[in-house]
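Please look at the sequence and the structure together while reading.

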Amino acid sequence: MAVLSSISRTASRRGVRALGVVAASAALALSASGNALACNINEFSAAAKCDGDNGVITVTDVDPAGIPATVTVSLKSTGEQVGQETVKGSKEGTTVTFAVDWKPNTEYRVHVKADKYVDEYIKPDLTTPSTPCKTEDTPAPTPSESSSTPSDETESPAPEPSTSAPAPSQPESTAPAAVPEDNAPSPAAGDSNLAETGANSNTGMIAGIAAALVVVGGGAVFFGMRRRGAKSGS
């Protein structure tokens, strides 16, 4: 009887130990599964993209447990905080958007804080695209002075002087007679002949002879009157 009692006690102790091992294994499995379902940094992703003419930074949370997390975006160079939002993840993914007037090739850091599960930055750091969202209108180029005036290099050389004798110039043609502005009748042919004589005609010579004859005639009359007076006096 003592032997049987000892065997039963040993078996019961072994059974209790086995149950303890099974319970511990179950607890470890539950703990591991709980940690697997808990929020972690790998469930967060960040991107910089254009929304029309504006730049935005988006952070997506795919945590199926839906644990609320605080997302903070800041400039890497200065540490200046750009924005902060709270996101509650989902299996399909929940996205929060930060409107940021970012410049090309600018680095940002995205920090995630979710209760006791996550307290770290998304890796790698976020770098914005190399091209801006809105392209500025470039003014039309104004023509430069070099394009409007010929340069010294492109100036054509002066023509060499010709060794041949210059050709005799043609006599200048007489200017055409002016056309009368009104419709007045032209002078008669006789008038035109008188006008054309001018100083070249014999009018001056005839006038001189006439004057001489007048003087001679006057002298003859004067002497004749004197002779008559002398005769009457005698």
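Is K113 buried, exposed or partly exposed? K113 is partly exposed, with a relative accessible area of 37%. Here buried means under 20% relative accessible area, exposed means over 50%, and partly exposed lies in between, with a 1.4 Å probe and protein chains only.

The model is predicted: local features need pLDDT of at least 70, side-chain atom pairs count only at pLDDT 80 or more, and totals for chains, interfaces and linings use all residues. Residues are numbered from 1 along each chain as its sequence is written, and side-chain values use heavy atoms, with hydrogens and water left out.

## Overall fold

The protein chain contains 4 helices and 8 strands. Helices (H or I, at least four residues) and strands (E, at least two) are DSSP runs, numbered from the N terminus. Along the sequence the order of these elements is α-β-β-β-β-β-β-β-β-α-α-α. The chain has 234 residues, of which 17% count as buried.

## Salt bridges

A salt bridge is a side-chain nitrogen of Lys or Arg within 4 Å of a carboxyl oxygen of Asp or Glu. Side chains of opposite charge can pair when their charged atoms come close. The count by this rule is 3 salt bridges, and they are listed below.

| Salt bridge | N to O distance |
|---|---|
| D125 and K76 | 3.0 Å |
| R109 and D125 | 3.7 Å |
| D119 and K113 | 3.7 Å |

D125 takes part in a salt bridge with K76. D125 lies in the loop between strand 7 (118–121) and strand 8 (126–127), while K76 lies in the loop between strand 3 (68–75) and strand 4 (81–88), so this pair ties together parts that are 49 residues apart in sequence. D125 is buried, at a relative accessible area of 19%, whereas K76 is partly exposed at 39%.

D125 also meets R109 in a salt bridge. Because R109 belongs to strand 6 (residues 107–114) and D125 to the loop between strand 7 and strand 8, the pair ties together parts that are 16 residues apart in sequence. R109 is partly exposed, with a relative accessible area of 25%.

## Backbone features in the loops

The loop between strand 7 and strand 8 also holds P124. A cis peptide bond joins K123 and P124, with omega at about -5°.

N105 is in the loop between strand 5 (94–99) and strand 6, and N105 is exposed, with a relative accessible area of 54%. D115 is in the loop between strand 6 and strand 7, and D115 counts as exposed at 53% relative accessibility.

D63 is found in the loop between strand 2 (54–61) and strand 3. D63 is buried, with a relative accessible area of 0%. D63 and E43 are 20 residues apart in sequence, and their C-alpha atoms are 5.7 Å apart in space.

## The largest pocket

Rolling a probe the size of a water molecule over the atoms shows where empty space is left. On a 1 Å grid over the protein atoms alone, a pocket is an open set of points where a 1.4 Å probe fits, with protein on both sides within 12 Å along at least five of seven lines; lining residues have an atom within 4 Å of a point.

The largest pocket has a volume of about 200 Å³, the volume being the space filled by probe spheres set on the points. Its lining consists of D53, N54, G55, A99, V100, D101, W102, K103, P104, P132, C133 and K134. These residues divide into 6 nonpolar, 2 polar and 4 charged. In this division Ala, Val, Leu, Ile, Met, Phe, Trp, Tyr, Cys and Pro count as nonpolar, Asp, Glu, Lys and Arg as charged, and the others, Gly among them, as polar.

## A nonpolar surface patch

M205, I209 and L213 make a nonpolar surface patch of about 330 Å². Patches are made of residues with over 30% relative accessible area and no salt bridge, nonpolar side chains (Val, Leu, Ile, Met, Phe, Trp, Tyr) being joined within 5 Å and like charges within 9 Å. Accessible areas come from the Shrake-Rupley method with a 1.4 Å probe, and for residues only the protein chains shown count as cover. L213 is located in helix 4 (residues 203–233) and is exposed, with a relative accessible area of 58%.
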